[in-house]
Amino acid sequence: MPDLPLVRLTGKGRRWRLTGHPWVFRDDLAQVPPALAAGDLAAVLSPQGDFLGQAFFSVLSRIALRFVTFGDEPVDAAFWGARLDRALAYRELVAPGVEARRLIFGEADGFPGLVVDAYGAHLAVQTLHPGPERLLPELLELLAARLAPASITLRHDAEVRLLEGLTLSVETVRGVLPERVEVREGACRLLVDVQGGQKTGLFLDQRENRLAAAPWGRGEVLDAFAYQGGFGLHLAPGAERVTLVDASETALTAARQNAALNNLNHLEFVKDNAFAFLKRAVAAGRRFDVVVLDPPAFAKSRRDRPGALKGYLEINRRAFQLLRPGGVLITCSCSYNLGEPEFLEIVRQAAVAAGRTARLVERRGAARDHPALLSLPESAYLKCCFLMVD
Ligand code: SAH
């Protein structure tokens, strides 16, 4: 057994661990050494003293342990280096040559609480847990050695860090980051603000869905919750007109720059609450051939679910009302508290409420550089469904 502080689980905690889930809740801890600090690596034991793995400890969060390994190998620089190599080799398989892609997706890559995104030669790193936070100097060395990045920016502004007692900041700690990094995504060129954009700059989880959307572009397209134009830009070449709606002026300014960069001049940019826009568009009798709905997570926790369900129902119902016969709805949800079957049930209800018959063309999830860990259902959060209406 590794020479580490010992944390003992309850019987329930042990059974939970045997499901393969990489987290343990605080209620499932039977015994913790008093000196154990946030970010410490601990050896985890069953009530009987059997070794169950090695995990990062958290003092504040409800998630008390995040397993790093179920094995007893030394967790050292070589261990992390091998994990990084595996993560990079996987990206070469599923996203070769992709300029903007996720290189490390937390638990799914064996790096609990760590995200690393690449925008061309520039890296954005986000630690969401004291474990990887403390390892940061070592991780940055590894990243620099393997990838020789032009810059590394710490996007330590994700609010979940506060739950772990970590502070918020954004800083380029190595190299020089230009104000905007230009990346190619399919046929589009996109400008990325690695320090100030939402997430680490782009919603990379939707990359393959944006590419899959491209061939559907035709007639009038509505991209609600458009951010910097992701879906709309990909749909634009085949369309007569694209309307992008977002509540954020900053996002729309970036969308305008992206449109110009791609020589697209049939896009219209509307700063509005998408709920209000959809409602008015229905009242005004507007019609579209393609509608994209990619809202932020409405159900951030179980508590939010009732309101979230109503929100999804409303925007999907209005989208169905707006579609011309033969029109296509691309509807997404990134709430992990809402499973795909429930999401499809809401979309079905929305179609019925709008008096439309809808056909499910394609069900999609996050891009393959965002693999979901089978035993961590929380990592399979993104749903993206393509439907066609009669
Ligand atoms: N489809 C985009 C990502 C969308 S992220 C892409 O592929 O790049 C969700 C966007 O919804 C964010 O840009 C956020 O600013 C916007 N947003 C959040 N609430 C909104 C609301 N009520 N009305 C309009 N936009 C909203």
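This is a predicted model: local features need pLDDT of at least 70, side-chain atom pairs count only at pLDDT 80 or more; totals for chains, interfaces and linings use all residues.
How many nonpolar, polar and charged residues are in the lining of the largest cavity? The lining has nine nonpolar residues, no polar residues and no charged residues.

## Domain arrangement

The chain is divided into three domains: domain 1 covers residues 6-69, domain 2 covers 77-175 and domain 3 covers 203-389. Between the C-alpha centres of domain 2 and domain 3 the distance is 28 Å. Contact between these two domains involves 13 residues of domain 2 and 11 residues of domain 3.

## Nonpolar cores

The largest nonpolar core contains 34 residues, and the members that touch the most other members are Y119, V183, L202, L267 and I330. Because domain 2 and domain 3 both give residues to this core, it lies between them. A second, separate core has 32 residues, among them L222, A281, F288 and V291.

L202 is one of the members of the largest core that touch the most others. Neighbours within four places in sequence aside, L202 is in contact with A100, Y119, V183, L190, V192, Y227 and Q228. Two of these partners, Y119 and V183, are themselves listed with L202 among the members touching the most others.

## The largest cavity

A search of the whole structure finds one cavity of 30 Å³ or more. The largest cavity has a volume of about 40 Å³. Its lining consists of W80, L84, I104, F111, L114, V116, L139, L142 and L143.

Three secondary-structure elements, α2, β8 (114-119) and α3 (130-147), each supply at least two residues of the lining of the largest cavity. Which element gives the largest share of that lining? The largest share, three residues, comes from α3.

## The second largest pocket

The second largest pocket has a volume of about 190 Å³. It is lined by 14 residues, of which P22, V68, E107, G110 and L373 are the closest to its centre. By class, this lining has six nonpolar, four polar and four charged residues.

Domain 1 and domain 2 each provide at least three residues of the lining of the second largest pocket. At the level of secondary structure, β6 (63-69) and α2 (77-94) each supply at least two lining residues. The largest share, three residues, comes from β6.

## The loop between β13 and α5

Both D205 and K199 are placed in the loop that joins β13 (188-192) to α5 (207-213). Is D205 buried or exposed? D205 counts as buried, because its relative accessibility is 4%, under the 20% limit for that class. Residues up to four places away in sequence aside, D205 touches K199, G365, A366, A367, H370, Y381 and L382.

K199, one of the residues that D205 touches, counts as partly exposed, with a relative accessibility of 38%. The phi angle of K199 is near 55 degrees, a positive value in a residue other than glycine. In general, most residues other than glycine have a negative phi.

Which value does phi take in F225? Phi of F225 is near 55 degrees, again a positive value in a residue other than glycine. F225 is situated in the loop between β14 (219-224) and α6 (230-235). With a relative accessibility of 15%, F225 counts as buried.

L166 occupies the loop between α4 (160-163) and β11 (169-175). This residue is buried, its relative accessible area being 12%. Apart from residues up to four places away in sequence, L166 touches L128, H129, P130, E133 and R161.

Conventions
Residues are numbered from 1 along each chain as its sequence is written. Side-chain values use heavy atoms; hydrogens and water are left out. Helices (H or I, at least four residues) and strands (E, at least two) are DSSP runs, numbered from the N terminus. Buried means under 20% relative accessible area, exposed over 50%, partly exposed in between (1.4 Å probe, protein chains only). Contact means heavy atoms within 4.5 Å. On a 1 Å grid over the protein atoms alone, a cavity is a set of points where a 1.4 Å probe fits but cannot get out, and a pocket is an open set with protein on both sides within 12 Å along at least five of seven lines; lining residues have an atom within 4 Å of a point. Grid points are joined across faces, edges and corners, and a volume is the space filled by probe spheres set on the points. Ala, Val, Leu, Ile, Met, Phe, Trp, Tyr, Cys and Pro count as nonpolar, Asp, Glu, Lys and Arg as charged, and the others, Gly among them, as polar. Domain bounds come from an automatic or database domain assignment. A nonpolar core is a set of buried Ala, Val, Leu, Ile, Met, Phe, Trp, Tyr and Cys residues joined through side-chain atoms within 4.5 Å.
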